[in-house]
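Hi everyone, thanks for making time this morning. Let's take a look at the structure together, and please stop me whenever you like.

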Amino acid sequence: MGTKANSVQVAPLGEHYLQLHARAFRRSLLRWFGRNGRDLPWRRTRDPYHIMVSEFMLQQTQVVRVEGYYHRFLTRYPTLEDLASASPAMVRESWEGLGYYRRAVNLHRLAQEVVQNRAGVIPSETEELRRLPGIGRYTAAAVASFAFEREVTPIDTNVGRVLRRVFHSRARSRALARRLERSAEMLLPRGGRKAWMFNQAIMELGALVCTARVPHCEICPVRAMCQTAVREARRTTLASPRQRAQPGRESPQSRRRSAGGLAVRRSSGPLHR
């Protein structure tokens, strides 16, 4: 039997808990994103080439660094054909300073492959996208969702962290990957535009709030239904009166971090990926 979302009891595990809270999770997440989502340039387009460029650049690179390169790169190579016809040296020069240059090589090869063998049309389905140079499971799903509004969920580090902390805080690593995929499938709303919005929102939550090192639980829109936050609240409630009376002393409970690394505290710095 499930617990209420605002309970301090230990939340049950598995799909049953997710089913109980899926609707509230989506509603809270989308409401938060509508108010707090960043106005990023690749969110203003459905051009598959532009989305492809952004996804290659965002691999292992912060958003704040990518934005300037994204605009300059597309100014120099406004179409897939322009990129395909450029020399490798020119493409590398345009990528200079962004790092991980293998991404530029793969993007260039992808452009040539699509222009030469696919009539310049980037495919919309994940299976076809994964046949292109440099495209893995995540990037294929990201392009399919963000360019073509397909009902798939790209699970990056941010998305995986949110799903793990909220719904699978005690799952063993061996079974975790499949559980995250199944959870994403169950949570994804039907309808291309809604799916697009949900995928953007859960990535944004992981990037801005449910961060790896310093989670900002006090401002998290899904905190009430988060298994890890519920467990932390229970630990705080069960702490001895002496420990609670000494705010300067760090309790054993606060020193022990959960698998998700949750600790409710404020950050004095800005929030960004």
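Let's begin with Thr61, which, leaving aside its neighbours within four places in sequence, is in contact with Val66, Leu98, Tyr100 and Arg103. Before I go further, please keep in mind that this is a predicted model. Where does Thr61 sit? You'll find Thr61 in the loop between α2 and α3, with α3 covering 63–76. Is Thr61 buried or exposed? Its relative accessibility is 7%, and because buried means under 20%, Thr61 counts as buried.

One of those partners, Tyr100, deserves a moment of its own. Tyr100 is also a loop residue, placed between α5 (88–95) and α6 (102–117). Its phi is near 50 degrees, which is a positive value in a residue other than glycine.

Ala119 also has a positive phi, in this case about 55 degrees, although it is not a glycine. Look for Ala119 in the loop between α6 and α7, where α7 is 126–129. What about its accessibility? Ala119 comes out at 71% relative accessibility, and so it counts as exposed.

Helix α2 runs over residues 48–58 and helix α8 over residues 137–148, and the two pack at an angle of about 140 degrees with their axes 9 Å apart. That angle makes α2 oblique to α8. As for handedness, the crossing of α2 and α8 is right-handed. Which residues make the contact? From α2 we have Pro48, Ile51, Met52, Glu55 and Phe56. From α8 come Tyr138, Thr139, Ala142, Val143, Phe146, Ala147 and Phe148. Sorted by class, the contact of α2 with α8 has 10 nonpolar residues, 1 polar and 1 charged. If you are wondering about the spacing in lists like these, an α-helix has 3.6 residues a turn, so residues three or four places apart point the same way.

The other pair I'd like to show you is α9 and α11. Here helix α9, residues 157–167, packs against helix α11, residues 192–208, at an angle of about 85 degrees, and their axes are 8 Å apart. α9 and α11 are therefore roughly perpendicular to each other. On the α9 side, the residues that meet α11 are Asn158, Val159, Arg161, Val162 and Leu163. Their partners in α11 are Ile202, Met203, Leu205, Gly206 and Ala207. By class, that contact holds 7 nonpolar, 2 polar and 1 charged residues.

Let's stay with α9 for a minute. How many of its residues are buried? α9 is mostly covered, with 9 of its 11 residues buried. Among them are Gly160, Arg165, Val166 and Phe167, and also Asn158 and Arg161. At the start of α9, a side-chain oxygen of Asp156 comes to within 3.2 Å of the backbone nitrogen of Asn158.

One last stop, and then I'll hand over to you. Asn36 belongs to helix α1, residues 15–36. Not counting residues up to four places away in sequence, Asn36 touches Glu204 and Leu208. The C-alpha atoms of Asn36 and Leu208 are separated by 9.5 Å, while along the chain these residues are 172 residues apart. At 39% relative accessibility, Asn36 counts as partly exposed.

That's my tour, so over to you for questions!

Conventions: Residues are numbered from 1 along each chain as its sequence is written. This is a predicted model: local features need pLDDT of at least 70, side-chain atom pairs count only at pLDDT 80 or more; totals for chains, interfaces and linings use all residues. Side-chain values use heavy atoms; hydrogens and water are left out. Axes are lines fitted to C-alpha atoms, for helices over the stretch in contact, and angles run from 0 to 180 degrees between N-to-C directions. Helices (H or I, at least four residues) and strands (E, at least two) are DSSP runs, numbered from the N terminus. Angles under 35 degrees count as roughly parallel, over 145 as roughly antiparallel, 65 to 115 as roughly perpendicular and the rest as oblique. Contact means heavy atoms within 4.5 Å. Ala, Val, Leu, Ile, Met, Phe, Trp, Tyr, Cys and Pro count as nonpolar, Asp, Glu, Lys and Arg as charged, and the others, Gly among them, as polar. A crossing is left-handed if the near helix is turned anticlockwise from the far one by less than a right angle, and right-handed if clockwise. Buried means under 20% relative accessible area, exposed over 50%, partly exposed in between (1.4 Å probe, protein chains only). A polar contact is a pair of N or O atoms within 3.5 Å; within protein, one must be able to donate a hydrogen and the other to accept it, and residues adjacent in sequence count only if both atoms are side-chain atoms.
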